[in-house]
Amino acid sequence: MAQSTLALGVEAVGCAGFDAGIKGAFGYPGTPSTEGFECVEALIHAAADGRVAQWAANEKVAYDLALGVSFAGFRTLVTMKHVGLNVALDAYANSALTGVHGGLVLLVADDPGMHSSQNEQDSRSLASFAWLPCLEPSTVQECYDFTLRAFDLSEALQVPVMVRLVTRLAHCRAPLDRREALAPTGLGPVPAAQAQDWVLIPSNARRRYEDLLAKQPRLLAALADLNRSVPGPSRRGVALAGMGRAYFHQLALEHPELRDLPRLELAAQPVDPDLEAAFLATVDEVLVFEEDYPLVETRLGLRARVKVHGRLDGALPRVGELSPRLLKAALGLAPSMGTPAELDLPVRAPRFCDGCGHVDAFEALQEALGNLGATAQARVFGDIGCYTLAAQEPLSALHAVVEMGASISMAVGAALAGLHPAVAVIGDSTFGHSGLPALLTAMDAGADVTILILDNRVVGMTGQQPSQALDQVERMVLGMGIPEASLQVLTPLPRHHEANVKAVAAALQQPGPSVLVFRRECIQSLRRGVLREHDRNEKAERASACCTLEVQP
Amino acid sequence: MSALRIHGIVLSGVGGQGVLSLAQIVLEALRRSGFHALQSEIHGMSQRGGSVQAQVCFAEVPLTSPILDEGSADLLIALEPLEALRHVAMLRPDGHLVASEEPSADMAGYPPLEDIYRALKAVRGACLLDTEDLARRLRHPQAGGMALLGMASRHLPVPEAVWQAVITERFAAKGERVITKNLEAFAAGQGLVPARAEA
């Protein structure tokens with residue numbers, strides 16, 4: 001049953017996960033990976049055949065959930081953005097040693113150019129760091145085909161397989177032909193006789209690491225058909241990976257002379273060194289087009305005879321994403337020119353939605369700091385989410401934003417070093433992601449920090465997925481040992497501004513950690529009714545709980 | 001072997017105006033008209049009221065690059081005048097611009113409107129639409145995008161029946177009234193072209 005539909009690159013990976021017969025899909029939202037999970041989630045819900053799609057509290061939890069499904073003998077897909085893989089790296093790197101039982105595919109979406117991220121790290125580096133294979137599609141159809149292939153590879157080689165996308169492919173929408181969907185088939189859990197492979201105490205881990213290294217030649221052989229060398233009459237060649245492949249092939253449609261260039265086309269790593277050597281023997285110089293880090297370029301550059309051009313010698317910019325325009329310039333093709341407007345255009349930066357509760361929370365914080373005469377010395381540690389927008393004008397309210405959960409731990413560290421007031425601002429979902437352990441340490445250290453949890457009840461930035469901390473924030477805070485007297489729940493609305501300012505000022509002056517929860521639902525999710533059903537059910541449950549109590553003797 | 005012509009469309013506006021939704025209609029319409037088409041869009045941070053753009057490429061053979069080079073777009077459809085100017089360099093010398101005159105000026109340093117209009121009218125083939133007025137006349141606050149698409153449709157090789165079908169399906173989940181309103185806005189845009197086109 002072939003069916004052609006339009007899909008984003010990340011959605012194609014999600015579809016392939018479903019069609020490969022996964023039992024469970026897991027992930028944590030993060031641009032540009034989010035729609036991959038949402039796609040497979042929708043398919044799983046529609047199928048209603050006992051499969052699971054579950055957002056996790058963070059990427060490490062998501063990865064461990066997937067590894068558990070694999071252990072239980074089923075196929076599984078786990079999705080995250082590139083910086084999310086840092087959070088899951090402990091699980092990912094060690095799953096290389098345990099290996100997998102049911103096929104495990106990891107979708108990672110990188111963000112070269114940092115459209116919506118704090119860095120442009122290259123996940124291919126982490127795959128080679130873990131001695132694991134990575135497939136790199138360059139079209140929407142390849143996103144699908146490679147993901148299906150990744151499940152087969154994962155089971156044949158008994159390793160997790162990464163499918164690496166970049167923003168431009170993740171958010172490229174194109175026709176997709178799907179194959180017939182397989183139903184999940186279970187292998188049964190890892191047999192007791194093999195359980196020692198999964199127990200990474202040092203004696204087993206040493207053995208499993210040697211097994212992993214011994215597997216590398218098989219891995220090269222299994223991936224061999226995904227990489228190829230295409231001869232051409234020129235002594236100048238190109239090495240292409242990921243979107244470099246996609247951009248080059250399209251340029252060759254418009255500039256047929258490019259078809260004379262010998263090409264090394266890479267869609268999977270590790271790459272067989274013999275393939276690279278054979279290609280290099282046919283050329284005197286090579287231009288490398290790969291997205292993000294100069295990994296292929298560095299490798300080819302180690303062979304001294306051939307001149308290698310790319311990001312390291314200035315043929316391409318060292319940072320940022322590739323584009324057809326950059327390829328043209330590097331290939332010596334005439335640039336196409338447009339006529340820019342005869343007017344200086346101001347940047348239109350993203351901003352808070354009109355009526356967003358985060359703005360009310362920041363205004364209360366800033367006024368409270370001002371009233372205490374603490375504006376100059378106070379430092380506010382922000383976190384990752386819509387509220388990061390407060391770093392820019394007109395609020396200019398944040399002094400540091402690093403990674404998920406850093407707000408609380410950095411504020412604690414700064415407070416322990418004597419900085420006062422030290423304020424952390426974190427969203428509810430980010431708090432559940434990695435703020436919780438930081439709060440536990442804040443309590444243990446007795447640090448003088450004021451923590452604002454901006455609870456909009458959803459993961460706002462990535463499309464208003466329900467937060468894992470939904471309706472649980474106060475209980476989580478109290479559970480970490482914060483005394484009730486040090487916790488307040490406020491409503492960020494203009495009419496509560498004066499009361500909120502007072503509450504923040506009191507918290508700032510109180511010794512030890514104090515927590516202010518500013519709760520008002522994200523206006524985007526409110527408009528879309530994301531939590532309408534949830535809230536209706538909660539209300540009904542509370543009502544029936546009351547009734548039950550009334551009939552108790 | 002001769003070189004091949006790849007066509008490009010840029011759609012621009014402000015986060016929340018429906019740029020991505022409009023781009024998907026264009027993509028589907030081109031695909032159903034027998035072309036190989038790809039669309040590129042950026043999600044995330046920029047959707048919070050920042051500049052948003054999407055690109056659609058199409059040709060008679062399969063394509064692999066979802067993004068266009070400067071000076072290579074045949075058509076720019078802009079839902080906001082400043083966001084039109086931001087992307088005019090994407091147009092080919094013989095390209096066409098279809099833009100809303102209605103500013104979304106809630107930002108620092110928004111240039112005087114008359115300067116923006118002057119710069120837009122200097123673009124060859126520019127077609128401007130007072131979407132605010134049109135929305136009022138059609139009693140449909142969101143009419144602007146579909147009307148601009150209607151105006152732009154004369155530059156796209158899509159049969160009328162395909163437009164009708166794609167727009168109808170796009171809004172099917174929202175009911176008959178929403179479908180009718182959007183078809184009406186599209187038709188209004190189609191009708192406006194000759195009167196407002198500039199040399």
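## Backbone exceptions

Asp292(A) sits in the loop that runs between E13 and helix H13 (295-301) of chain A. In this predicted model, Asp292(A) has a positive phi of about 90° although it is not a glycine. The residue counts as buried, because 26 C-beta neighbours lie inside 10 Å and the cut-off for burial is 20 or more.

Ala48(A) is another residue other than glycine with a positive phi, here near 45°. Ala48(A) belongs to the loop between H2 and strand E3 (52-55) of chain A. Ala48(A) is exposed, because its C-beta has 7 others within 10 Å and the limit for an exposed residue is 12 or fewer.

One leads from Thr31(A) to Pro32(A), with omega near 5°; Pro32(A) is in the loop between strand E2 (24-27) and helix H2 (34-47) of chain A. Another joins His420(A) and Pro421(A), with omega about -5°, and Pro421(A) is placed in the loop between helix H16 (406-416) and strand E16 (422-427) of chain A. Most residues other than glycine have a negative phi, and most peptide bonds are trans.

## Domains of chain A

An automatic or database assignment divides chain A into domain 1 (3-223), domain 2 (227-331) and domain 3 (357-535). The centres of domain 2 and domain 3 of chain A, taken over C-alpha atoms, are separated by 47 Å.

## The five-stranded sheet

Chain A contains an open sheet of five strands with mixed pairing, in the order E9-E11-E10-E13-E14. Strand E9 (228-230) and strand E14 (307-309) of chain A are its edges, each pairing on one side only. From one strand to the next the twist averages 20°.

Within this sheet, strand E10 (residues 236-241) and strand E11 (residues 263-266) of chain A pair in the parallel sense, over four bridges. Ala239(A) stands opposite Leu264(A) of E11(A). H11(A) packs on the sheet and touches E10, E11 and strand E13 (285-289) of chain A. The direction of H11(A) makes about 130° with that of E10(A).

## Contact between chains A and B

In the interface, 45 residues of chain A are in contact with 49 residues of chain B. On the chain A side, two or more residues each come from helix H8 (167-170), strand E8 (172-178), helix H11 (243-254) and helix H14 (324-331). H11(A), the helix that packs on the sheet, gives the most to this side, with six residues. By class, the side of chain A that touches chain B has 22 nonpolar, 14 polar and nine charged residues.

Strand pairing also crosses between the chains: E8(A) and strand E2 (residues 36-41) of chain B pair in the antiparallel sense over two bridges. In this pairing, Arg173(A) stands opposite Gln39(B) of E2(B).

## A helix pair in chain B

Helix H4 (residues 131-138) and helix H5 (residues 143-152) of chain B pack at an angle of about 110°, with their axes 9 Å apart. H4(B) and H5(B) are therefore roughly perpendicular to each other, as the range for that term is 65 to 115 degrees.

From H4(B), the residues Thr131(B), Leu134(B), Ala135(B) and Leu138(B) meet Ala143(B), Gly144(B), Ala147(B) and Leu148(B) of H5(B). This contact has six nonpolar, two polar and no charged residues.

Definitions and conventions
Residues numbered from 1 in each chain as written. Chains lettered and ligands numbered in written order. Predicted model: local features only at pLDDT ≥ 70, side-chain atom pairs only at ≥ 80, totals over all residues. Contact = placed C-beta atoms within 7 Å. Nonpolar A, V, L, I, M, F, W, Y, C, P; charged D, E, K, R; others polar. Pairing = 2+ DSSP bridges. Axes fitted to C-alpha atoms, helices over the stretch in contact; angles between N-to-C directions. Parallel < 35°, antiparallel > 145°, perpendicular 65-115°, else oblique.
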